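Reader: I'm new to this one and would like to know where the labels come from. Could you take me through it?

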Amino acid sequence: MEVPHLDPSLPHLADVIPAVLTAMGASGFTGGPVDAPIELPGPVAGACVLLVDGLGAELLDAHADDAPVLTGLRGRTLQVGFPSTTAAGLAAVGTGVRSGEHGMVGYSFRVPDAFPGTGVINALRWRPHPWGEDLRERVPPEQIQPLPTTFERAAAAGIAVSVVSGAEFAHSGLTRAVLRGARYRGVHAIGELAAGVVDVIAGRGFCYGYHSELDLVGHLHGPGSLPWRMQLRQVDRLVESVVEALPPGGLLAVVADHGMVTVDSATTVDIDASLPLLAGVQAVGGEARARHVYVTDGAVGDVLAAWRETLADTAWVLSRDEAVAAGWFGDRVRDDVRPRIGDVVAAARDRAAMVRRDTEPLESSLIGHHGSLTSAEQNIPLLLALG
């Protein structure tokens with residue numbers, strides 16, 4: 001089986017904020033225009049990294065007519081690493097490292113033995129997956145992701161740091177895990193988001209901004225659908241509004257956490273309805289295009305063989321050690337992160353999906369998905385504007 005690898009020629013999403021902070025004069029960050037592959041215009045007096053959830057590079061390039069401003073700012077292509085999903089992408093932004101170090105290895109994953117009885121946690125909801133009580137007190141996000149964030153480090157370097165994002169995310173487990181250390185400016189609408197970003201840059205500070213709706217529309221209607229294109233036009237206007245208000249030395253860097261594909265029902269497999277995929281399995285994490293499979297003691301070989309045979313045309317199926325050796329989770333995987341990775345890891349090929357219609361009925365009904373290693377999911381644009 002040919003094993004896919006990340007493209008070593010492409011910078012990583014994790015490199016963006018360190019590069020921006022270095023351009024602003026902060027010390028102690030790896031990255032920046034001198035020793036990292038991301039080159040930024042300058043000098044930079046105030047900056048925002050705006051993440052548009054789901055804005056894949058291939059999608060933007062295919063729909064350039066709907067986004068003339070974004071297209072005009074189009075620069076380098078970056079990659080997001082594995083899994084190509086929001087929890088891992090936001091953690092890469094918030095920590096400056098890959099998933100093997102920050103530990104947010106999926107949409108859902110098994111938590112350490114230090115929290116017995118928790119099992120698989122949903123990283124976006126911070127609840128047991130697929131449902132259960134709020135875990136923020138019993139499983140503190142700061143312990144699941146203990147590394148200092150880029151925001152904590154920037155604040156320590158004397159930079160005024162803000163997060164401008166949905167008010168509903170202000171105290172979420174994921175925010176506490178990967179975005180802590182910044183002043184949180186909760187917003188309710190796209191105009192508030194633009195105004196908050198402009199205000200921070202004008203004050204010569206740094207902010208991370210987040211827009212979620214393009215991803216939502218892509219999941220519901222499919223990337224490239226008419227509703228998705230109409231939403232892309234709204235994102236284009238958002239960015240145009242910020243660019244028009246940039247002061248001299250103000251930098252806007254627009255990125256994404258992943259791209260997206262429309263899955264093919266002909267190559268969709270229902271794990272819950274497949275006895276070969278359930279034999280010897282304790283729990284399944286991840287999502288439809290990136291699965292973590294946790295197995296019973298002594299069953300790794302049998303489960304690996306069964307998943308490879310059943311999904312021969314659907315997914316790349318590796319053992320944990322093989323996935324780590326292939327660099328899927330970055331060059332370094334912390335010892336305490338390794339058990340969060342499935343004993344078996346499956347990444348969907350082409351437009352296939354590995355759904356769970358009984359266990360995950362809502363997620364299984366979606367049209368657009370992401371998480372795997374295809375270029376449509378991995379590649380994101382870096383869009384730069386300097387006042």
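Author: Let's begin with a word we'll need a lot: a residue is buried when its relative accessible area is under 20%. In helix α10, the residues that count as buried are L214, D215, V217, G218 and H219. Keep in mind that this is a predicted model.

Reader: What do the buried residues of α10 pack against?

Author: They pack against β1, β8, α11 and β17 (368–369). Just after the helix comes G222, with a positive phi of about 100°.

Reader: Which residues make the contact?

Author: From α10 there are E213, L214, V217, G218 and H221, and from α11 there are P227, W228, Q231 and L232. Sorted by class, this contact of α10 with α11 has five nonpolar, three polar and one charged residues.

Reader: Why is β8 called mostly covered?

Author: Six of its six residues are buried. F206, Y208 and Y210 point one way from β8, C207, G209 and H211 point the other way, and all are buried. As background, side chains in a regular strand alternate between the two faces of the sheet.

Reader: Which way do β1 and β6 run with β8, parallel or antiparallel?

Author: Strand β1 (residues 46–52) runs parallel to β8, joined by six bridges. There, V52 stands opposite H211. β6 also runs parallel to β8, with four bridges between them, and V163 stands opposite Y208.

Reader: Let's turn to the aromatic rings. How many aromatic pairs are there?

Author: A search of the whole structure finds four aromatic pairs. One of them is F82 with W328, whose ring centres are 5.0 Å apart and whose planes are at 50°.

Reader: Why is the pair of F82 and W328 called tilted?

Author: Set the numbers against the cut-offs. Centres have to lie within 6.5 Å for rings to pair, and here the distance is 5.0 Å. Planes under 30 degrees apart count as stacked and over 60 as edge-to-face, with the rest tilted. The angle is 50°, so this pair is tilted.

Reader: What parts does the pair tie together?

Author: F82 lies in the loop between β2 (74–79) and α4 (86–95), while W328 lies in the loop between α14 (320–325) and β15, so the pair ties together parts that are 246 residues apart in sequence. F82 and W328 also form one aromatic cluster with F329.

Reader: How do you know whether F82 and W328 are buried or exposed?

Author: Compare each value with the 20% cut-off. F82 has 2% relative accessibility, so F82 counts as buried. W328 comes out at 0%, so W328 is buried too.

Reader: What makes the pair of F169 and Y210 edge-to-face?

Author: The planes are 70° apart, with 6.0 Å centre to centre. Anything over 60 degrees counts as edge-to-face. F169 sits in the loop between β6 (161–166) and α8 (173–178) and Y210 in strand β8 (residues 206–211), so the pair ties together parts 41 residues apart in sequence.

Reader: What about E360, buried or exposed?

Author: E360 has 3% relative accessibility, so E360 counts as buried. E360 lies in the loop between β16 (353–355) and α15 (361–364). Leaving aside neighbours within four places in sequence, E360 is in contact with H129 and R291.

Reader: One more: what makes β12 and β14 edge strands?

Author: The open sheet of four strands has the order β12-β13-β15-β14, with antiparallel pairing. β12 (281–287) and β14 (315–319) are the edge strands, each pairing on one side only. The twist from one strand to the next averages 20°. Helix α13 (residues 300–310) packs on this sheet, touching β12, β13 (290–295), β14 and β15, and its direction makes about 170° with that of β14.

Definitions and conventions: Residues are numbered from 1 along each chain as its sequence is written. This is a predicted model: local features need pLDDT of at least 70, side-chain atom pairs count only at pLDDT 80 or more; totals for chains, interfaces and linings use all residues. Side-chain values use heavy atoms; hydrogens and water are left out. Two strands pair if DSSP finds at least two bridges between them. Helices (H or I, at least four residues) and strands (E, at least two) are DSSP runs, numbered from the N terminus. Axes are lines fitted to C-alpha atoms, for helices over the stretch in contact, and angles run from 0 to 180 degrees between N-to-C directions. Contact means heavy atoms within 4.5 Å. Buried means under 20% relative accessible area, exposed over 50%, partly exposed in between (1.4 Å probe, protein chains only). Ala, Val, Leu, Ile, Met, Phe, Trp, Tyr, Cys and Pro count as nonpolar, Asp, Glu, Lys and Arg as charged, and the others, Gly among them, as polar.
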